[in-house]
Every structure is written in structure tokens, then in C-alpha cells.
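Trainee: Could you take me through one part of this model up close? I'd like to hear about the sheet in chain A.

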Amino acid sequence: MSDQPLRIMVIDDENIVGKRLKPALEKTGDIVETFEEGEKALARFAQEPFDIVVTDIRMEKIDGIEILEQILATSGRTKVIIITGYATVEIAREALSKGAFDFIAKPFKPSDLRAIIERASRELRS
Amino acid sequence: MSILEKLKKISRKEPEIRHFCIQTIRFKKFLENARVLLDLFNDGREKVLGEYIFDRHYVVSLIDSVIERLGMMVYDASVLVPKSGETLYAMYDKHKLAAGNLIGFSASGNGGAISGSDTSEISLSAEPEYQLLSDVLRWFDGKEAPTGTTVMDFMKQAFFYVLQFDAIGGLESSDSMKNQSLFENSGVLASDMGIYLVDLWKDALALPEKRRAINDFNSVPLKHLLMDAGVKDVKSGPENIHNGASWVAAVSEYQLSLNTLKPDFQFRLETLASGYEQSDFIFIFADKSASLDSILPAGFHIESTDYGQLAWNLDVSVKTIEDSLMIIGRNLFN
């Protein structure tokens, strides 16, 4: 298990986030799929669960909280990391209380997200 | 002490000194807002380098924050110098329009609204978010932007009004004697070193009737400013001062606002040395002829303008500020 790459799903309706995160997270050999729409991401997750889901909290059709709830209902072992904007830290706290693994506020460095993913990975593999 | 209690205490002072204190406090708010604007510029510059992941919302929030803070700065300036209000608010409206254009143009898929096309310094990405942020930075302080169109140009203009026409700073020669007599008539008599001293927050039910020594004022920055400035050389003490003082300083425990009353030398120093690095600073305004290189220690950012020199040092430790004040005091007073 420890040598297997992580399967990471990134959901953000801002195209630039997935576009920039994908190559940054793939550098360590993990498998990354990006989505701009929550429905498509959930449909993909239903086909094949991911180890880690990184999702923006504010999106038009399905927000990050709803994604969190549906992901955890489908796969309790998946670690969900919430991306927040400026004024959404309170909502992020709500997400933590609902089972999110951690949250990170935009703007952020990929290395900061990588550190959270590594912590999540250690928990998954322990 | 709550703000309300402090204001109550200020209100008991003589009107002229009360006005002086309020102007000094308002100027500190003005500087505080200018500092936040510089921090916002730096934040944008840091993000555009490519290391961070951000979205359009970040850039729009940055624009909104700049406009909001710029409005606060204009308000402070128009309180300090009421006659500047009309001009500054008209300029502010233009910047609000420019900000709206930046947001609107980018939302419709077009480029930025600010003229100038050199994007070499921010060509790390062709993404629209980066393009928008680079346009915003050009609006903030783009060297290639037409003169007078940037936020920084506007800030300098606001400083010009405040520093040239504010009743505390910008003392023209004809006002110098008037301001000297203001402090003498108010009972604020020159202390050691020939400085009129006003305690910004101290309860002044009755203004002092005799000269007070500098050590009577509990002000950390004042003590450092004068620590190495030859106080001991004033052997006969304050009695030596016959013709009014050359300086006026408003102080509190961690604040110092020092202004010259000399007709031929403009110099204004504002500092906060509280130990909280995020808010501590030294700001200096001096006329164009002042040799700041020989007055200030290294590390200051100096901006020359048509009306004088602005210098500041931000995000430094209280120790650095105190050391700087000692050097400045020595160079000014010795």
C-alpha cells in the first residue's frame, strides 16, 4: 500500500485551480483528476473512489459541504480537504465538524496543500 | 483605557491643543491606511510571481480592498485638510471607475483597462487570473503607466495635500511663529532640547504651567530619539530657551509625532514602537533640500516627490526602530 500512488480528485469551478494543481501534485507520482463541476466529480467518484478529494467550498451548483457529505457517505476512508476563499473560514470550520480532514485558504502554495495531503496519506496508510 | 475615555480626556484640553492632538491622531490613521495599501500592493506582487494558486475572486477582493482603503485614506486627508476634499474625492472616483473597468473587462474576457502593454515582469502565465492581477499591479504602481494614473501617484498626491497644508505639518514660514505662540499660549512650554511636548492621551485637566523634563513623559520612542542627542550638553536646562522652541512633539507611551517649527526646514517624523511588528513603523517627511542620507540609518525606503521626500521603514522589530530613532535623534539634534 505504501508504494502505491495516491488517487487524488480536485474539484474547483475556477479552471485555473485544477490546471495548476494537477501538474504540481503529479510531481510526486500520484494520480490526479480535476473537475470543474461537482456533479461530474461525484459521478466519477461513484465509479471509482479516490483516496483524497480536494474541493473548493463555494461552487455554483453543488457546494463543497454537499460534496463532503456525499463523498463521506460513499467512502468513509476518503480524506476530504476543503479549499476556502477569503471570507469562508467559518464555513470551513463547519466542514471540519462534518468530517473534513483539513482546509486550506486561497491563495495558497501547492507545497502547503502537499503537506496536508502527506498528513492525510499517513493516516490512510496507518 | 477605552477610546471613549481617551476622547473624554482629550476634550478637556484647551481647544488649540485638542485640535493639535486630534490632527495628530488623524494623521496616524492616514498613515495606517497608507501602510495597508502598501501591504496590499506587496501581497499582489507576491502572488503574481507564480508560486501561489489563486482565483479571480482573490484578485477582485484585492481590488475591492484597495478601493475601500483608498477611500479611508481620502477621508482622513479631507478631515486633516478640508480644502483638499473636493479634488481628492474627484480623483478617488476616477480610481473607482478604473477598478470597476478592471473587474468588468476581465469578466467579459477582455484584457485590463489600464494602458501600457509591457507585461514582461509578470509573464509567468497567460492565465486570465494572472493577466488580471498583472493589470491590477500596473494600476497600483506600474512604472510604465501614464504619469498620474496609478494608485501610488494618487497616494503621493494625498500626502502632498496633507503634508503641505495640514495645520501641524507643512509649516510655511509665516505659520511658524503662529504655531510657536500656539504652544506657548496654551501653556505647553518647551522642555529640554527646546521641544514643545504634548502628551497625546494624558489627562490634562490643567495644562502644565512650567516646563517639564523629557523624563516626565512616559514615551519609549521619545526617550530613544533623545537618548544620544546631547541632552547632557544643555547644561543650563530649559531656561536656556528664550525664543520659543524649534520642535513640537506629541507623544504617548509607544508613539511619537515630531514636527519642526523652523521656517526654513520641513521635517516630520511619525513612529509607533509598540513591539507589534505588523503595526510598528517609522515615517518621515522632509523637504527636498534635507539630506536624508545623512540623517537616516540604512534600511529606509525613500521616495522623492516634487514637494519633498517621503521615507519609511515598515515590518521591522522594535529594536530596529529604537536604534533608528537614536541615530536620527543624534543627527537631528547634535
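Mentor: In chain A, 5 strands form an open sheet in the order E2-E1-E3-E4-E5, with parallel pairing. Strands here are DSSP runs of E with at least two residues, helices are H or I runs of at least four, and both are numbered from the N terminus; two strands pair if DSSP finds at least two bridges between them. Strand E2 (31–35) and strand E5 (102–105) of chain A are the edges, each with a single partner strand, so one side of each has no neighbour in the sheet. From one strand to the next the twist averages 20°, using lines fitted to C-alpha atoms, with angles from 0 to 180 degrees between N-to-C directions.

A word on the source: this is a predicted model, where local features need pLDDT of at least 70, side-chain atom pairs count only at pLDDT 80 or more, and totals for chains, interfaces and linings use all residues. Residues are numbered from 1 along each chain as its sequence is written, while chains are lettered from A and ligands numbered from 1 in the order in which they are written.

Strand E4 (residues 79–84) of chain A pairs with E5(A) in the parallel sense over 4 bridges, and A:Ile83 sits opposite A:Ile104 in E5(A).

As for the rest of the chain, chain A has 5 helices and 5 strands, running β-α-β-α-β-α-β-α-β-α from the N terminus. Its C-alpha atoms fill a box of roughly 35 × 30 × 25 Å along the principal axes.
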